[in-house]
Amino acid sequence: MSTLQEKVCPHVRNMKQSGFGVLLGRARQIKEELKQGERKPYTEVIDVSSGDLHSAGLKPLSFVRQVLAACLYPELMSSNRLPVDVKQRARRLLGACSGESVGSYTAASGIPDIVHKLSEFITRRDGGVLSHPQNIYISPGSQWSITNLLKLLVNNSASPRTGVLIPVPCHATTIMSLMQVGAAIVPYYLNEEQGWKLQVEELHRALESAKGICNPVALYVINPGNPSGHVQSRESIQEVIQFVSEQRLFLLADEVYQEYIYGEKEFFSYKRVLGEMGPPLSDTVELASFYSASKGFLGECGLRGGYVELVNLDPAVMKHVYTLFSKDSCAPVLAQIALDLMVDPPQPGDPSHPLYNMETQHIKTTLLHNARAFEVVNSLPGFSCHPVEGGAFVFPRLHLPPKAIQKAKKAGMQPDMFYCSRLLEEGGVLTKPGSEYGQKEGTYHIRFCILPTVDIMEELLKRLTSFHMQFMKDFS
């Protein structure tokens, strides 16, 4: 046994490798087999396993890429090919960089001009509830910020262990982050029968279940939900805020899918609702809210840009926040620029506005169309799916025949993993099983994104329908 093998941090040891990695590896193999001319019932693999807008087939926004290009290679601004407002934005952003270069370090919290733009955006979004620049930190993606805040909250040498309440189902990366910092996971179950509703009664049950096992210090919520696709009402958010206040819990609000809202639902940020509830809650509830350039209409996942806004933290604690965020120098400068472009896009009258408006409307129209995929899923025997209210995913429940469940267990697989594996092999569609996110015992789900082009989504649903009908027949 090597020295390093003996000394690997136990919390890292506890970070179990995702079972989905096996599916992902097989998908790569299938793609290679297709390239080599191997005959299959399909000619390409449709990958709807992640919330990556560009990988799914939708195009980057021209204004965003033009400004990024000009900032990377300023000589482009001497060309007549770039619109005037693109050049103006690039010059302003470069002027905010040390040495007028995106290759320079920035302040730990981000370029001050961009941090101020984020603060102005939050105040507008939240109907005038003030945001303060000194409470905002830009990071290499929102998940990085979440992990940093968990490091602040979790005492991994404490007895009993520090606990964090998380929803079931929950974004898998957050579960890994909790394992990394040594937190005890305290699950609370979203009510699937009521459209994945977050119920305060369930929060009380979860908190009671932790007694004698761990010391819960925080509540983590995802709104809009990932993978559930639910959107919380203002009333639901008020109930959660009242709960954390009464139980003296820190509130972590993951709101990265806030631009993806469908139907009659409306997005309310936790920060806005807290501010509008007024004192004493608005002055005392400690909140961290997260947003990202990876989601929304930018979809710039690879740039790794996000931010956290902190509310009602004691100044003494904010000193530790600064230390945590400054240890890695700063977030990537191009990611910081992307955040600026996300919160301050072209306005009517700007040269870039017509094209920007056309491109974003195309994305909106595509997502609205694809969000109705739940209707096709619900038409299939053995599936039940709630309408997608927000977010990037459909998360239907699978009612599998007993023979299929037995076959899966015999193969040493979770039943929904078995289903996803067969769907990949026979239908050429890569999805994720619900077992990756947590689910009630005896229930099974799959998750697929609604970000592909309309043509790809229709082909996906066609393949899913054909495969599913045969699967149910084979195991009936």
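Which residue lies over the face of F393, and at what distance from the ring centre? The residue is R447, which lies over the face of F393 at 3.5 Å from the ring centre. The model is predicted, and every value below is computed from it.

**Charges over rings and aromatic pairs**

- A further case of a charge over a ring involves a lysine: K432 lies over the face of F20, at 4.8 Å from the ring centre.
- The aromatic pairs number 17 in total.
- W144 lies in helix α7 (residues 142-153) and F325 in helix α13 (residues 315-326), so the pair ties together parts that are 181 residues apart in sequence.
- One aromatic cluster is formed by F383, F418, Y419, F467, F471 and F475.

**Helix α14**

- Helix α14 (residues 333-343) is largely enclosed by the rest of the structure, because 10 of its 11 residues are buried.
- The buried residues of α14 are V333, A335, Q336, I337, A338, L339, D340, L341, M342 and V343.
- The cover over the buried residues of α14 includes helices α4 (62-72), α5 (84-95) and α6 (112-125). Strands β2 (136-139), β7 (287-292) and β8 (306-311) are also among the elements that cover these residues.

- Strand β6 (residues 250-254) is mostly covered, with five of its five residues buried.
- F250, L252 and D254 point one way from β6, while L251 and A253 point the other way; all are buried.
- Strand β5 (residues 214-222) pairs with β6 in the parallel sense over five bridges. I222 has D254 of β6 as its bridge partner.
- From β5 the chain passes through helix α10 (residues 234-247) to β6, and this β-α-β crossover is right-handed.
- Strands β6 and β7 run parallel and are joined by four bridges. In this pairing, L251 stands opposite L287 in β7.

**Cysteines**

- The structure holds zero disulfides.
- The sulfur of C71 has its closest cysteine sulfur in C97, at 6.8 Å, which is too far for a bond. C71 counts as buried because its relative accessibility is 3%.
- For C385, the closest cysteine sulfur is that of C420, 14 Å away and likewise too far for a bond. C385 is buried, with a relative accessible area of 9%.

**Backbone geometry**

- Most residues other than glycine have a negative phi, and most peptide bonds are trans. The residues below are listed with this background in mind.
- The peptide bond from N223 to P224 is cis, with omega near -5°, and P224 lies in the loop between β5 and α10.
- The peptide bond from N226 to P227 is also cis, with omega near 15°. P227 is found in the loop between β5 and α10.
- W196 is not a glycine, yet its phi is positive, near 65°. This tryptophan lies in the loop between β4 (184-189) and α9 (200-209), and W196 counts as buried at 5% relative accessibility.
- R304, which is not a glycine either, has a positive phi of about 60°. R304 is found in the loop between β7 and β8 and counts as partly exposed, at 35% relative accessibility.

Methods
Residues numbered from 1 in each chain as written. Predicted model: local features only at pLDDT ≥ 70, side-chain atom pairs only at ≥ 80, totals over all residues. Heavy atoms only, no water. Buried < 20%, exposed > 50% of the residue type's maximum accessible area, 1.4 Å probe, protein only. Helix = DSSP H or I, 4+ residues; strand = E, 2+ residues; numbered from the N terminus. Contact = heavy atoms within 4.5 Å. Disulfide = S-S within 2.5 Å. Phe/Tyr/Trp six-rings, centres within 6.5 Å; stacked < 30°, edge-to-face > 60°. Lys NZ or Arg CZ within 6 Å of the ring centre and 35° of its normal. Pairing = 2+ DSSP bridges. Right-handed = clockwise from strand over helix to strand, strands pointing away.
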